[in-house]
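This report describes the fold and the surface of one protein chain. Please examine the sequence and the structure shown here before reading on.

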Amino acid sequence: MSRLLAALLTMALAAALAVGAALGIVALLDARPDQPNTPLITYEQAGQGS
C-alpha cells in the first residue's frame, strides 16, 4: 500500500511541477516587451503621372 501511495504522490507532484513550469513560461513570455513592427525595407512611392 505504501508503494501505491508513493507512486500517487510522485505522479501528483510531477503533474503540479509540469503545470507550474508551463505557467511560468507563459508568464515570462507575457512579461517580455513587444517588438516594434517596423519594416526592414521601405519602397519609395513613384510619381502619380507615370
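Where is the place of methionine 11? In this predicted model, methionine 11 belongs to helix 1. Methionine 11 is exposed, its relative accessible area being 54%.

The chain contains one helix and zero strands. Helix 1 covers residues 2-31, which amounts to 30 residues. The distance from its first C-alpha to its last is 43 Å, close to the 44 Å expected at 1.5 Å a residue. Because the number of buried residues among the 30 of helix 1 is zero, the helix lies largely in the open.

The overall dimensions of the chain are as follows.

| Property | Value |
|---|---|
| Radius of gyration of the chain | 26 Å |
| Span of the C-alpha trace along its principal axes | about 90 × 20 × 10 Å |

Of the 50 residues in the chain, 0% are buried. The accessible surface of the chain is about 5200 Å², and carbon and sulfur atoms account for 68% of it. Met1, Leu4, Leu8 and Met11 make a nonpolar surface patch of about 500 Å². In an α-helix there are 3.6 residues a turn, so residues three or four places apart point the same way.

Key
Residues numbered from 1 in each chain as written. Predicted model: local features only at pLDDT ≥ 70, side-chain atom pairs only at ≥ 80, totals over all residues. Heavy atoms only, no water. Helix = DSSP H or I, 4+ residues; strand = E, 2+ residues; numbered from the N terminus. Rg over C-alpha atoms; globule rule 2.2 N^0.38 Å. Buried < 20%, exposed > 50% of the residue type's maximum accessible area, 1.4 Å probe, protein only. Areas by Shrake-Rupley, 256 points an atom, 1.4 Å probe, with all protein chains shown as cover. Expected span 1.5 Å × (residues − 1). Patch = residues over 30% accessible without salt bridge, like charges linked within 9 Å, V, L, I, M, F, W, Y side chains within 5 Å. Salt bridge = Lys/Arg side-chain N within 4 Å of Asp/Glu carboxyl O.
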